[in-house]
Amino acid sequence: MRRIFSIIMGVLGTSRALAVARFPKPDFTSGYRYPEIVHGIPNETFWNVLDIVLLAGMMALVVWAAYRKRSRAVMVTVSVVSVLYFGFFRSGCVCSVGSIQNVVFAAVDSGYHLPWYVLLVFLLPILFALLFGRVFCSGVCPLGALQELVNVRNFRLSRAVSAALSTIPWIYLSFAILYAATRSQFLICRLDPFIGIFRLGGDLGVLTFGIVLLVMSIFIGRPFCRFLCPYGALLSVFSSLSWKKVEITGKGCINCALCGVSCPVDAIRAPQASRTKEERSAGVKRIILFGLMLPVLTFGGALLVGSQSDALSLAHKDVYLYELLQRQEAHPQQAEPLEVETFHALGGNVEELKEKVDAIRHDYLFYSRLSGALIGFVIGFKLLKLSLKRSRKTYTIDMARCTVCGKCFNYCPQNIKTSKNEKAIS
């Protein structure tokens with residue numbers, strides 16, 4: 001046995017000697033330089049340029065269809081293209097909805113360079129909203145387009161319920177800004193309900209939520225766009241100030257009510273001229289009351305959310321780690337959490353971590369108050385808006401809500417007459 005072992009070791013020694021002779025150690029004194037290895041990367045610039053061109057081109061196409069042709073067919077075609085390209089092919093990223101976080105992060109962190117195409121993805125829909133309304137929401141946004149394509153019927157919600165639910169996007173937006181400004185996480189990307197559908201997988205909870213929203217979209221017009229989308233909340237402000245206003249028909253309204261029935265997002269307001277008018281003093285008192293409530297709600301929201309800043313700061317990984325360390329120190333356990341074990345293994349300093357955590361919590365206190373103030377202001381403003389009673393003689397479009405889907409165009413008999421006359425002339 002010993003002899004066999006000696007033979008094996010001899011063979012191994014010989015092979016090692018041959019290997020050393022065959023592959024000698026490199027000589028670093030000869031001046032030889034190893035060639036640089038260049039790895040090929042995809043030409044992402046091409047796709048970014050194509051994204052911007054398609055984004056601007058499709059919004060321009062919707063403007064032409066809405067203001068010139070009043071054609072619903074163009075909006076449907078744009079929706080299909082958007083779902084296929086921006087949704088499934090480009091996997092829904094980077095989208096205008098999520099770009100809010102990139103812009104906020106760039107505003108608070110000078111070390112972060114905001115890519116040019118992300119800035120354009122954020123700004124272009126806002127620019128179009130200022131000029132022509134929410135044409136981005138029409139079908140260019142893959143999230144709205146997907147809901148639009150599956151919509152079959154529309155169950156109506158009362159104005160009060162719809163107004164209450166419409167505050168949720170602002171709450172969502174305020175917390176998205178809070179977490180992005182404190183460098184904690186990109187909340188919108190993490191909770192995007194349709195990203196799992198576009199990527200055919202992902203977090204089971206988020207994917208399930210997306211499927212539920214999609215099923216709801218069959219019976220309720222665009223539930224995500226109306227009651228969840230933070231970017232839609234921003235666009236509603238700019239759209240209400242738009243230079244051009246969408247008109248259902250180029251001819252006079254005949255108050256047939258068909259457009260109001262067709263609108264999936266309840267953006268068409270019925271005439272109010274026939275309603276009993278209240279005394280002017282009562283209306284003035286109500287407006288003054290809600291006007292005084294506006295700063296109170298704003299300040300109260302800042303105090304309420306600001307009081308929860310420590311709890312909210314646990315979303316930051318450093319704060320969460322520090323709390324684990326404190327808990328472990330107060331109640332030692334046999335098995336340390338993985339984060340604590342890794343921190344000690346890397347030689348982490350608790351005092352240095354505490355200094356970082358104190359600075360993070362200071363930022364959270366400021367931005368949580370800012371977020372709370374935004375939420376309180378929005379609630380107060382919506383109450384003030386509900387208290388206003390304007391006189392309307394015909395059916396008009398609420399530009400803040402209108403997503404320029406074009407459904408009302410096909411329902412208006414004035415448009416049908418116009419199209420028939422045009423065909424007869426041609």
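Student: Okay. How many helices and strands does the protein chain have?
Tutor: The protein chain has 22 helices and two strands.

Student: And where is Val404?
Tutor: Val404 is in the loop between strand E2 (396-397) and helix H21 (407-411). Val404 is not a glycine, yet it has a positive phi of about 50°.

Student: Is Val404 buried or exposed?
Tutor: Val404 is buried, because its relative accessibility is 3% and the cut-off for buried is under 20%.

Student: Which loop holds Arg183?
Tutor: The loop between helix H9 (168-181) and helix H10 (187-190). Arg183 also has a positive phi, about 60°, and is not a glycine.

Student: Why does Arg183 count as partly exposed?
Tutor: Because its relative accessible area is 37%.

Student: New topic. What is the average pLDDT of the protein chain?
Tutor: The average is 85, and 85% of the residues score at least 70.

Student: Where does pLDDT stay under 50?
Tutor: Over residues 14-23. In the model, those residues have zero contacts beyond four places in sequence. Where pLDDT is low, the predicted coordinates should not be read in detail.

Student: Got it. Now helix H18. Why does its span agree with what it should be?
Tutor: H18 covers residues 317-330, which is 14 residues. At 1.5 Å a residue it should span 20 Å, and its end C-alpha atoms are 20 Å apart, so the two agree.

Student: Which residues of H18 are buried?
Tutor: Asp318, Val319, Leu321, Tyr322, Leu324, Leu325 and Gln328.

Student: What covers them?
Tutor: The cover includes helix H19 (338-345) and helix H20 (350-387).

Student: Let's zoom in on Leu325. Why is Leu325 called buried?
Tutor: Because its relative accessible area is 6%. Leu325 lies in helix H18.

Student: What is Leu325 in contact with, leaving aside neighbours within four places in sequence?
Tutor: Val340, Phe343, His344 and Leu353.

Student: How many residues apart are Leu325 and Val340 in sequence?
Tutor: They are 15 residues apart in sequence. In space they are 6.3 Å apart, C-alpha to C-alpha.

Student: Back up the chain. Which residues of helix H4 are buried?
Tutor: H4 runs over residues 99-108, and its buried residues are Ser99, Ile100, Gln101, Asn102, Val104 and Phe105. Their cover includes helix H5 (116-132), H9, H10 and helix H14 (230-240).

Student: What share of the protein chain counts as buried?
Tutor: Of its 426 residues, 42%.

Student: Which helix gives the largest share?
Tutor: Helix H3 (residues 72-89), with four residues.

Student: And where does Leu149 lie?
Tutor: In helix H7 (residues 142-150). Leu149 counts as partly exposed because its relative accessibility is 39%.

Conventions
Residues numbered from 1 in each chain as written. Predicted model: local features only at pLDDT ≥ 70, side-chain atom pairs only at ≥ 80, totals over all residues. Heavy atoms only, no water. Buried < 20%, exposed > 50% of the residue type's maximum accessible area, 1.4 Å probe, protein only. pLDDT = per-residue confidence, 0-100. Contact = heavy atoms within 4.5 Å. Expected span 1.5 Å × (residues − 1).
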